Each structure stands twice: as structure tokens, then as C-alpha cells.
Amino acid sequence: ALQAHPQVAEVQEEGCRALASVCYGNDAAGLARKQRAADAGAIEAVVAALQAHPEVEAVQKQGCAALGNVCCGIDAAGLARKQR
């Protein structure tokens with residue numbers, strides 16, 4: 001949805017919210033979800049949403065939450081996600 005509707009702020013907000021939810025957790029399954037999301041382009045999609053809607057508070061809030069959850073992790077993959 002993030003890539004299909006980049007100019008629709010509500011879609012970007014809800015897409016970021018969903019991504020933040022899916023990527024929550026630091027157990028093995030959570031870390032795997034974070035990595036799959038990052039590999040699928042989630043970080044770049046969220047950054048694009050943030051840049052496309054700089055004045056929309058809800059997009060900014062949910063985008064930051066999504067980035068925080070996707071990039072969280074102290075393992076090597078987590079550190080690499082933070083470098084993107």
C-alpha cells in the first residue's frame with residue numbers, strides 16, 4: 001500500500017502503522033519479521049512516506065514508529081538496518 005498510493009496521506013499513515021505493528025518484538029520471530037520487511041524495501045518506503053507528507057503529523061508519527069520498530073535490534077542485522 002505504501003508504494004501503490006504514495007500521495008494518499010491516510011494510506012501512508014495506516015501502512016506505516018501496520019508496518020510498526022508487524023515489526024514489533026525482539027524475539028527470534030520479531031527479528032526475522034524486521035529483516036524481511038527491510039529486505040522488501042520497508043525502510044525506503046517509510047522514508048518516502050515521511051518525505052511526501054512532511055506536514056501530516058499522523059504520517060510523521062506512524063512513520064517514525066515504523067522506522068523505530070524495523071531498525072530496532074542489537075544483532076548484526078539490526079545494526080545494518082540502522083545504517084540504511
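Guide: What follows is a set of questions and answers about this predicted model.

Visitor: How many helices and strands does the protein have, and in what order do the elements run?

Guide: The secondary structure comes to 5 helices and 0 strands, and from the N terminus on the elements run α-α-α-α-α.

Visitor: What makes the contact between Arg-17 and Glu-13 a salt bridge?

Guide: The closest N and O atoms of Arg-17 and Glu-13 are 2.7 Å apart, and a salt bridge requires a side-chain nitrogen of Lys or Arg within 4 Å of a carboxyl oxygen of Asp or Glu, so the pair qualifies. Both residues lie in helix α1, which covers residues 9-22, and they are 4 residues apart, about one turn of the helix.

Visitor: Why do the side chains of Glu-14 and Arg-17 count as a salt bridge?

Guide: Here the N to O distance is 3.1 Å, and because the cut-off is within 4 Å, this pair also meets the definition. Glu-14 and Arg-17 are 3 residues apart in helix α1, again about one turn of the helix.

Visitor: How many salt bridges does a search of the whole structure find, and which residues are linked in a network?

Guide: The search finds 2 salt bridges, and Glu-13, Glu-14 and Arg-17 are linked in a network of them.

Visitor: Why is Glu-13 called buried?

Guide: Its relative accessibility is 17%, and since buried means under 20%, Glu-13 belongs in that class.

Visitor: Why are Arg-17 and Glu-14 called partly exposed?

Guide: Arg-17 has a relative accessibility of 35%, while Glu-14 has a relative accessible area of 42%.

Visitor: What share of the residues of the protein count as buried?

Guide: Of the 84 residues, 37% count as buried. The protein exposes about 4,800 Å², and carbon and sulfur atoms supply 59% of that area.

Visitor: How do you know what radius of gyration a compact globule of 84 residues would have, and what is the value for the protein?

Guide: The globule rule is 2.2 Å times the number of residues to the power 0.38, which for 84 residues gives a radius near 12 Å; the protein has 12 Å, so the value agrees with that of a compact globule. Along the principal axes, its C-alpha atoms fill a box of roughly 35 × 20 × 20 Å.

Notes:
Residues numbered from 1 in each chain as written. Predicted model: local features only at pLDDT ≥ 70, side-chain atom pairs only at ≥ 80, totals over all residues. Heavy atoms only, no water. Helix = DSSP H or I, 4+ residues; strand = E, 2+ residues; numbered from the N terminus. Buried < 20%, exposed > 50% of the residue type's maximum accessible area, 1.4 Å probe, protein only. Areas by Shrake-Rupley, 256 points an atom, 1.4 Å probe, with all protein chains shown as cover.
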